[in-house]
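Student: I'm new to this one, so please pick a part and take me through it closely. Spell out the terms as you go.

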Amino acid sequence: MVNTMVAKIGVSMSVFLDSEYSLNDALEFLESRVRYVELICDGNMDIMEKFEDLETYNLKYTIHSPITDINLSSHREKVRTMSIEIIEDVLKTSLKVDARLIVVHPGYSIFKHDYERNLNSLINSLKDLNKLKEEYGIDITIENMPSYDMFMFRHPDEYIINNLDEVKITFDIGHSFLNGNIDEFLKIDSIIHTHIHDNNGEFDEHLPIGMGKINFDNFKDSLKNIKGIKMIELQHKSFEYIDDCISKLKNLIK
């Protein structure tokens, strides 16, 4: 078994989505492998529905906010406001499980005609997230998104970054590879959390490290110096690759 207790390496619970694992079974599986786990708010691993007994595990937690039914960039104020309320619910859950960081998706804009007002809505949401950060004392991070046109924050947009204030960034390497901007993102100081997975350059596959086309050796020094936890975020039901990913990641950042 790989000893990762010193390195800040973690695994997202996304790998157990739609699996036969219960939440407790998944946590027991990970407890002997890593010190950090990213809890999620969707599917059979929805931490918003079941969070009792998590303190019994020798683990520290972050939480990924829901990826469904939420759009922080919606120009429909009722939808945007509801999305902020859901994020606040996640923060309340974070207090219960002693999670000190949450990850949020920036939202989406389906039609080009709506982009500017969707962008303005995202900026308003960032202001609201800063208020929540101040109220709850938990780090809130916005994640860069994959290369699908509708997603906001696919590139290190200066206007968005300049309006982050106390909101920080979760840097998703797989998403950045799809957009061809890994080096650009690595120059940003506000990254405090990292999602790590591989792909073949066309789709957001969330493959194990080494099973796609990302050459992690090209930026291992930068990866080593990024603040925070390096969180392995694999596709559903690929838990048989977790040990190999932990080993490869540990070698990259040693």
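Tutor: Let's start with a pair of helices: α2 and α3 cross in a right-handed way (the near helix is turned clockwise from the far one by less than a right angle). This is a predicted model, with local features needing pLDDT of at least 70 and side-chain atom pairs pLDDT 80 or more, while totals for chains, interfaces and linings use all residues. Numbering runs from 1 along each chain as its sequence is written, and side-chain values use heavy atoms, leaving out hydrogens and water.

Helix α2 covers residues 77-97 and α3 covers residues 115-136 (helices are DSSP runs of H or I with at least four residues, strands runs of E with at least two). Their axes come within 11 Å and cross at roughly 25 degrees, so the two are roughly parallel (an angle under 35 degrees). On the α2 side, the contact (heavy atoms within 4.5 Å) is made by Arg-80, Ile-84, Ile-87, Glu-88, Leu-91, Lys-92 and Leu-95. Across from them, α3 brings Ser-121, Asn-124, Ser-125, Asp-128, Leu-129, Leu-132, Glu-135 and Tyr-136. Sorted by class, that contact has seven nonpolar, five charged and three polar residues.

Now for a strand. In β7 (residues 191-196), six of the six residues are buried, so the rest of the structure largely encloses this strand (buried means under 20% relative accessible area).

Note on methods. Axes are lines fitted to C-alpha atoms, for helices over the stretch in contact, and angles run from 0 to 180 degrees between N-to-C directions. Angles under 35 degrees count as roughly parallel, over 145 as roughly antiparallel, 65 to 115 as roughly perpendicular and the rest as oblique. Ala, Val, Leu, Ile, Met, Phe, Trp, Tyr, Cys and Pro count as nonpolar, Asp, Glu, Lys and Arg as charged, and the others, Gly among them, as polar. Buried means under 20% relative accessible area, exposed over 50%, partly exposed in between (1.4 Å probe, protein chains only).
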